[in-house]
Amino acid sequence: MIKSNFHTHTSYCDGQSTAEEMVKEAIKENFTALGFSGHSYTSFDESYAMSLANEQKYKDEIANLKGKYKSKIMIFCGLELDFFSDYEALGYDYIIGSVHYVKKDGVVVPVDLSPESLKDNVNNLWGGDWFNFTEDYYNLVSLLQAKTKADIYGHIDLVLKFNEANRFFDQTDKRYVNQVLEAVDSLLEADKIFEVNTGAMANGLRTIPYPEKWILKYINSKGGKVMLSSDCHNAQKLAYGFDSAAEILKDCGFKEVYTLNQSGFEPVKL
Ligand SMILES: [Zn+2]
Ligand SMILES: [Zn+2]
């Protein structure tokens, strides 16, 4: 059982628990490490992210918690940097790079807000062609390293959030599969870490983690690295779905997952 998580949101952004509540729960669950990853500021959507002023408070509080709990748990201060955040993210222990929006004809479209709004946007901006929309999404994913310099790639197929049982498009379609493969190939070049994210399982939207199993198998076949993360927004769900995600990873051929400690990212046995 993996006893760490590095994708954690707090009340500084759209999380429901305070940073200290997260730390206390992690200690209670015998975690060895906890990493915070507040949402970076995006000027066009302030509904879920940290304001720039809050980002400084967030950094200060995590620094305090690091000291206060250092005999009990390793604490890290990271950032979930959105593709469209246009400022330099300095002073963090690590960066998770994520695509949450696609821009089309001057409109910023959130990928993960609601199935209704996404469907409307695909109809209005992509003429109802879901594969044109996913192509634009994966073009951004393929540029994640270049744009964010991320250590970890967040939920790379977030575009499937509302697509269980192929609700909107056939995710086995060659057009879709090729878009994914191109993006993954591009990211594999940098030898960073793909996260296996159980966040949408925790809120009942999906029954499996991101990314899909076939993608994980592909990443494994190319020698890529993975890490388990719960994209936690509530302290009660800190390790939600980790057991089943670990089984999926073993099934895909992975023998180890990466975690962060004082000397950097290192593999631990699954
Ligand atoms: Zn995210
Ligand atoms: Zn997140």
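## The strand pair

Glu256 stands opposite Lys269 in strand S11. This is a predicted model, in which local features need pLDDT of at least 70, side-chain atom pairs count only at pLDDT 80 or more, and totals for chains, interfaces and linings use all residues. Residues are numbered from 1 along each chain as its sequence is written, while chains are lettered from A and ligands numbered from 1 in the order in which they are written.

S10 (residues 256-261) and S11 (residues 264-269) run antiparallel, joined by six bridges. Two strands pair if DSSP finds at least two bridges between them. S10 and S11 form a hairpin, with two residues between them. Helices (H or I, at least four residues) and strands (E, at least two) are DSSP runs, numbered from the N terminus.

## Helices H1 and H2

The axes of H1 (residues 19-28) and H2 (residues 52-68) come within 10 Å and cross at roughly 30°. H1 is therefore roughly parallel to H2, a term for angles under 35 degrees. Axes are lines fitted to C-alpha atoms, for helices over the stretch in contact, with angles from 0 to 180 degrees between N-to-C directions. The crossing is right-handed (the near helix is turned clockwise from the far one by less than a right angle).

Ala19, Glu20 and Val23 in H1 meet Glu61, Ile62 and Leu65 in H2. Contact needs C-beta atoms, placed from the backbone, within 7 Å. The contact residues divide into four nonpolar, no polar and two charged.

## Helices H6 and H8

H6 (residues 174-188) and H8 (residues 213-221) have axes that come within 11 Å and cross at roughly 35°. Their crossing is right-handed. Val180, Leu181 and Val184 of H6 make the contact with Ile215, Tyr218 and Ile219 of H8.

Note on methods. Parallel < 35°, antiparallel > 145°, perpendicular 65-115°, else oblique. Contact = placed C-beta atoms within 7 Å. Nonpolar A, V, L, I, M, F, W, Y, C, P; charged D, E, K, R; others polar.
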